Each structure stands twice: as structure tokens, then as C-alpha cells.
Amino acid sequence: MLSTVPTMESLECDWDCSQLFSTIQSVGPARSGSASSEPNQTHSNSGLDESNLKLSIIEERKRRRMMSNRESARRSRMRKQKHLENLRNLVNRLRVENRELTSRLRFLLYHCHRVRTDNDSLRSEYTVLRQKLSDIQQILLFKQLQQFSSTWPYNNVPVMSEQTPPPLII
């Protein structure tokens, strides 16, 4: 049964294992030849020591695993905290950008409204001026026509409409 107990040389570990094996190394080999109860006690003690050793190794593994898990959880929390900080910074940058874009949009909407108003005003003015130009062109054409008709050689001939109608015979 003692052959299954690892020796200091057979175990490679990162911690000081001498305390774990100090009780095993102090225990001598079991004696099988005598009929006294002492060898059975030694064999019984080595079985207890062996189970204690197994328990202490298991406990040490648990402790190391717990420490590793704690370190991993700490790193995970740090990553999460850094990620959250990055997200907060991104939110702040996006809020600033949103404010700037909203301000630019208001500015553009204001100027767009102003240009539309000016454009409507200019279209209205264009329509009025176009009508005035058309009226002036008609007046000029009429005056030219009057001048032309006054210089016409047959202008002295009475027009039928100007003559009095012939009397009717009844």
C-alpha cells in the first residue's frame, strides 16, 4: 500500500510539498512477520496518512483552482470595466457629435427656409414684372400702330362705321 504513495521525487509541483510528505517519510516500512498489534497500527496509520495525503492534495488542488478562478474573475471584471468605460466614452463622443449635427441641421433648415421664402418672393416679383413688361409691350405696340395709322395715306377716307346710316324707305 505504501508503494502507491508518491514520493517527493515523483511529484513536480509549484509549492513546498515537504510538509505534506513529512509524515510519510517518518513512517517506516510495515512489518509483516510479528503477531503484535504494532505492525497493524503502523499499517493502519499509513493508510490514514495516505488518505490524509490524498485529501490534502485534493484540498490543495481545490485551493489552487479557487485562486485561479478568482484571478480569472478579477481579469474578467477588469475587462468588463474597461469595456464599460470605452462604451461610456463612445456614448459621450456620439452625444457631442449628435449635438453638433443637430445644430448644423437647424442652421441648414433655417437657411433653407430663408432661401425658399426669398425664392417665393422673387418668383412673385418676377410674375408682377413679367406682367408689367407685357403691358408695356402692348402699349408700345398700340402706339406704334397709331403712329403708323396716322401716317397712312388713306386715313382721310371716312370709315363706314363713322358714316351715318342711310335712311330707310318705308
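1. Glutamate 71 pairs with arginine 75 in a salt bridge whose closest N and O atoms are 3.8 Å apart, where a salt bridge is taken as a side-chain nitrogen of Lys or Arg within 4 Å of a carboxyl oxygen of Asp or Glu. Glutamate 71 and arginine 75 are four residues apart in helix α2, and therefore separated by about one helical turn. Helices here are DSSP runs of H or I with at least four residues, strands are runs of E with at least two, and both are numbered from the N terminus. Glutamate 71 is partly exposed at a relative accessible area of 31%, and arginine 75 is likewise partly exposed, at 41%; the scheme calls a residue buried under 20% relative accessible area, exposed over 50% and partly exposed in between, with a 1.4 Å probe and protein chains only. Glu71 and Arg75 also belong to a network of salt bridges that includes Arg74.

2. This is a predicted model, in which local features need pLDDT of at least 70 and side-chain atom pairs count only at pLDDT 80 or more, while totals for chains, interfaces and linings use all residues. Residues are numbered from 1 along each chain as its sequence is written, and side-chain values use heavy atoms, with hydrogens and water left out.

3. How many salt bridges does the rule give? The count comes to six. One of them joins the side chains of arginine 63 and glutamate 60 at 2.3 Å, N to O, a value that I would ask you to look at in the coordinates. Arginine 63 and glutamate 60 lie three residues apart in helix α2, about one turn of the helix; arginine 63 is partly exposed at 42%, whereas glutamate 60 counts as buried at 14%.

4. Lysine 54 and glutamate 50 form another salt bridge, at 3.9 Å from N to O. Both residues lie in helix α2, which covers residues 37-150, and they are four residues apart, about one turn of the helix. Glutamate 50 has a relative accessibility of 9% and so counts as buried.

5. Leu84, Leu87, Leu90 and Leu94 make up a nonpolar patch on the surface, with about 310 Å² of accessible area together. Such patches take residues with over 30% relative accessible area and no salt bridge, joining like charges within 9 Å and nonpolar side chains (Val, Leu, Ile, Met, Phe, Trp, Tyr) within 5 Å. Leucine 84 is found in helix α2 and is partly exposed, with a relative accessible area of 35%.

6. An unreviewed UniProt entry lists residues 77-104 as "coiled-coil region"; UniProt positions follow the numbering used here, feature names are shortened, and annotations may be inferred rather than shown by experiment. In the model, residues 77-104 are 100% helix and 0% strand, and the end C-alpha atoms of the span lie 40 Å apart.

7. For the chain, the secondary structure comes to two helices and zero strands, and 6% of the 170 residues count as buried. The accessible surface is about 15800 Å², with 57% belonging to carbon and sulfur atoms, as computed by the Shrake-Rupley method with a 1.4 Å probe, only the protein chains shown counting as cover for residues.

8. Confidence deserves a separate point. The mean pLDDT, the predictor's confidence in each residue from 0 to 100, is 77 for the chain, and 61% of the residues reach 70 or more. Over residues 20-42 the pLDDT is below 50, and this stretch has 20 contacts in the model beyond near neighbours in sequence, a contact meaning heavy atoms within 4.5 Å.
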